Number of protein chains: 2
Amino acid sequence: MSLKHGLLGLLNYGQMTGYELDKAFKASLRFFWQAQTSQIYRELNAMEQSGWLTSEIIYQTDKPNKKLYAITELGKLELQNWLAQNSLESEFQIRNLFLMKLFFSGGKDLKENIAMLNDYKKRCIDELVKLDTTGNSIEQYRKNISTQQDSIYWEFTARFGELYYKMYLEFLEEAIEKLEELQ
Amino acid sequence: MSLKHGLLGLLNYGQMTGYELDKAFKASLRFFWQAQTSQIYRELNAMEQSGWLTSEIIYQTDKPNKKLYAITELGKLELQNWLAQNSLESEFQIRNLFLMKLFFSGGKDLKENIAMLNDYKKRCIDELVKLDTTGNSIEQYRKNISTQQDSIYWEFTARFGELYYKMYLEFLEEAIEKLEELQ
DNA sequence: TGGGTCATGTAACCTGTTACATGATTAG
DNA sequence: CTAATCATGTAACAGGTTACATGACCCA
């Protein structure tokens, strides 16, 4: 359970509709968790049934009606509990398909592999550029949504992204170099 | 689909039973992918039905009978196809619950958060020690199972692990320092 | 008149997790 | 006598993915 807690975390900042949550999720949490729109609606339903949320339908004439969700006391408790317990094992695990592919790449020829690593390198640089942009958006959110206390933790996660992709880039460059030596 | 391809990759080195695959998976791929024993058996079944594998029952008197799997031509093709196409988007995504928790940690008090980061730091050091040990096991596998061509890619994935956890450690130390300044 | 935004979902499927079951042999 | 190793799974559930559906309003 993780998407549920991400949604709880967002709703703890204030009431939101599924549509808004979807956008907020994709704007702020997308770097370390991904969720389909359909999954978000499904989870919101389940969370309401668990008593973590309440909803209210807002009738609109010019736009489709919407369902505004609010976190309950039970939901807040659940969020606090989740935040308090650090489950080191599960949270430390990596799942990385690129590494799995790389592990089995001995069967392919060198040139193909060098090309592959160069593709990833380009992608890596893209990600670093994107992070530069989101640095500013944290500034904006900070003023609008939340207390200053939160923003330092948001910056931490952004910093992780920066360090991560820099490390990734370093790794790719090193690997490309080693493969080129074999040619 | 990823576990299936990991299993294909292992079976491409030679015939194995589900039990052996489970152990091989946990020995070599566990760093970047995790799988339950029950899931491995289930996937092997599905893969045989797809015609990627064939199986042969080995009758034993002193031990339980076993089912030896071998990769088919179709399976090899599937593996090669998977290796050839690099799907940058999905393979680049991170899923990290620790970061999600950190993102929402503004509500907790400083001391708790510093303690949490220190727990992760300890765990990080543990992982670095573990990787040091597996460095040797690659050496052993290299001689036994496969051609020398493969081993460079195995070393790459181990190197990624090293860089990753060093980066993680650096990140945690930096974050702890910043939080301690706020006290 | 075609595409984007607003807004909600359902259905089917695939993948991953948890808990449980069986039973012989062997090493400490 | 107890725990580990060998060896196979099943069942139920939780979580994630893909494809599809609806329909009004607004802007170019």
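Here is a short tour of a sheet in chain B and of the protein surface around DNA strand C.

This is a predicted model, where local features need pLDDT of at least 70, side-chain atom pairs count only at pLDDT 80 or more, and totals for chains, interfaces and linings use all residues. Residues are numbered from 1 along each chain as written, chains are lettered from A and ligands numbered from 1 in written order, and side-chain values use heavy atoms, leaving out hydrogens and water.

**Stop 1: the sheet.** Select β1, β3 and β2 of chain B: in that order they make an open, antiparallel sheet. β1 (16-17) and β2 (53-58) of chain B are at the edges with a single partner strand each, so one side of each has no neighbour in the sheet. Strands here are DSSP runs of E, at least two residues long, and helices are runs of H or I, at least four, numbered from the N terminus; strands pair if DSSP finds at least two bridges between them.

Now pick Met16(B): across from it, in β3(B), is Tyr69(B).

**Stop 2: the DNA.** Show DNA strand C and the 25 residues around it; Lys67(A), Met1(B), Lys4(B), Gln39(B) and Arg42(B) come nearest. Being near means having a heavy atom within 4 Å.

Which part of the DNA meets the protein?

Finally, zoom in on the phosphate oxygens of DNA strand C: a polar side-chain atom of Lys4(B) lies 2.8 Å from one, and a polar side-chain atom of Arg95(A) lies 3.4 Å from one.

Definitions and conventions. A polar contact is a pair of N or O atoms within 3.5 Å; within protein, one must be able to donate a hydrogen and the other to accept it, and residues adjacent in sequence count only if both atoms are side-chain atoms.
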